[in-house]
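I opened this entry to keep track of what I looked up in the model. The notes follow the order in which I went through it.

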Amino acid sequence: MASGKKRGKKQKNTLFHWIKGISYSVVALTFAGLQLLSYLSAVVNPAKVWFFSIFGLLFLPIFIINIILAVWAGVHKSPLAFIPLIAILPSFFLLGRFFKPGQGEPRIFDRADGIRIITCNIDRFAYDRKLEDRQERIDSIFAFLNRNEADVICLQEYACAEPGDIRHLVGRKLPGYEFEYYLFKGRKGFSGNVTLSRFKACDKGKILFDDSRNLALWTEYETRGQRFRVYNCHFESYAISLSNIWQTLTGNADARLETGTKYRKSLSRRPKQVDAVLTHFDNSPCAGVVCGDFNDNPMSYTYHRVRRVDKDSFIEAGDGFGATFTAFWPLLRIDYVFVPENWTVVSHNTVKTGFSDHYPIVTDCILSD
């Protein structure tokens, strides 16, 4: 009788372990497949297969889940641990796009040999709700720019009542800076991109995108006997707020439809916009810096395309998390500074200010001989 009970208990344990193994295999294979799709998102044009970009956005969460699955399997001494382990192996070559450990002793930056570049989406001087007065927000942004004394400053979502206000404001707040701009007229004034520099522009222009209020402003400078172009880019945004996301997740059908429409629209436009900039870049007679608000993550087609022609300053000299979008820090890096391959990036700092929903980037570079 006792032996019968033991056999029954053994059979139940065997069945339980079998079900547990099958369940783990299904979950592990699912997330291994999702990890593979996140790798492919960088090379698949989302204008043609839009849903691939979702996997790129979820690269880090999927990676973390695969780590948990691998640890769980290891603790339970399961041979199935190889499934998540194989899936995450390529990730270790890609994590540097999101996080960089300490770079050791900071390299010395001599302003006589290089330049400092700042890029930031300033959110129309409207973000910092603690500062009720718009003028206080403007003052906080320009105080930051003054402290950092950059040679080139690229601003996106600059807003003003009239374009002529820029000359008055820059002359008062940043004396000694030249500026170029292109602003779209809206219902409540003007907004667009502004590039400021201590250098005089040798050439300049703009790249307007079809059916969009986004653009790239390009300016050519010469310093220390070298010419280079700066592309101040603002690519199409998702135009999706946190409230949209919450309503979508909680089952609001109208919000879900609106969110999906906006998402697919941005995905169809951004590849064309980055291609327009890179076509212009390819025809440039000199080296180019491509920077600004890309509205896309480091596992995206947008990032992959630009990195083929320039190098990412964060990968070269970043420290810690590189995320630039405050609402999803430390997961979302969507602002970049890409510099020519023969430039040396001395430092890359993502500065955690409170004046915008984007953190500004301050990058120091030494120009090639």
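**Loop residue D357**

I started with D357, which sits in the loop between β13 (344-350) and β14 (361-366). The model is a predicted one, so I read every value below as computed from predicted coordinates. Is D357 buried or exposed? D357 comes out as buried, because its relative accessible area is 17% and the cut-off for buried is under 20%. I then checked the side chain of D357 for partners and found a polar contact with the side chain of S356, at 3.3 Å.

**Whole chain**

I next took the overall counts. The chain holds 10 helices and 14 strands. Of its 369 residues, 51% count as buried. I also looked at the sequence range of the contacts: among those between residues at least 6 apart in sequence, 70% join residues at least 24 apart.

**Six-stranded sheet**

I traced an open sheet of six strands, and I noted its order as β6-β7-β8-β9-β12-β10. The pairing in this sheet is mixed. Which strands stand at the edges? They are β6 and β10 (311-312); each has a single partner strand, so one side of each has no neighbour in the sheet.

I went through two of the pairings. Strand β6 (residues 201-208) runs antiparallel to strand β7 (residues 215-223), and seven bridges join them. The hairpin of β6 and β7 has six residues between the strands, and there I found D211 with a positive phi near 50°. Strand β8 (residues 226-234) pairs with strand β9 (residues 287-293) in the parallel sense, over seven bridges. In that pairing I noted F228 opposite A287 in β9. As background, strands of a sheet pair through backbone hydrogen bonds, either parallel or antiparallel.

I picked I207, which lies in strand β6. Its bridge partner in β7 is A216. I207 counts as buried because its relative accessible area, 10%, is under the 20% cut-off. What does I207 touch, leaving out residues up to four places away in sequence? I listed L215, A216, W218, Y231, A276, V277 and H280. I also took one C-alpha separation: I207 and Q273 are 66 residues apart along the chain, and their C-alpha atoms are separated by 8.9 Å.

**W50**

I moved to W50, in the loop between α1 (2-40) and α2 (52-57). W50 counts as partly exposed, because its relative accessibility is 34% and that class lies between 20% and 50%.

**Second largest pocket**

I finished with the second largest pocket, whose volume is about 390 Å³. It is lined by 13 residues, and the closest to its centre are R124, G186, R187, K188 and G189. Which strands each supply at least two residues of this lining? I noted β3 (152-160), β4 (178-186) and β5 (189-197). The most comes from β5, with three residues. By class, I recorded five nonpolar, three polar and five charged residues in the lining.

Conventions. Residues are numbered from 1 along each chain as its sequence is written. This is a predicted model: local features need pLDDT of at least 70, side-chain atom pairs count only at pLDDT 80 or more; totals for chains, interfaces and linings use all residues. Side-chain values use heavy atoms; hydrogens and water are left out. On a 1 Å grid over the protein atoms alone, a cavity is a set of points where a 1.4 Å probe fits but cannot get out, and a pocket is an open set with protein on both sides within 12 Å along at least five of seven lines; lining residues have an atom within 4 Å of a point. Grid points are joined across faces, edges and corners, and a volume is the space filled by probe spheres set on the points. Helices (H or I, at least four residues) and strands (E, at least two) are DSSP runs, numbered from the N terminus. Ala, Val, Leu, Ile, Met, Phe, Trp, Tyr, Cys and Pro count as nonpolar, Asp, Glu, Lys and Arg as charged, and the others, Gly among them, as polar. Two strands pair if DSSP finds at least two bridges between them. Buried means under 20% relative accessible area, exposed over 50%, partly exposed in between (1.4 Å probe, protein chains only). A polar contact is a pair of N or O atoms within 3.5 Å; within protein, one must be able to donate a hydrogen and the other to accept it, and residues adjacent in sequence count only if both atoms are side-chain atoms. Contact means heavy atoms within 4.5 Å.
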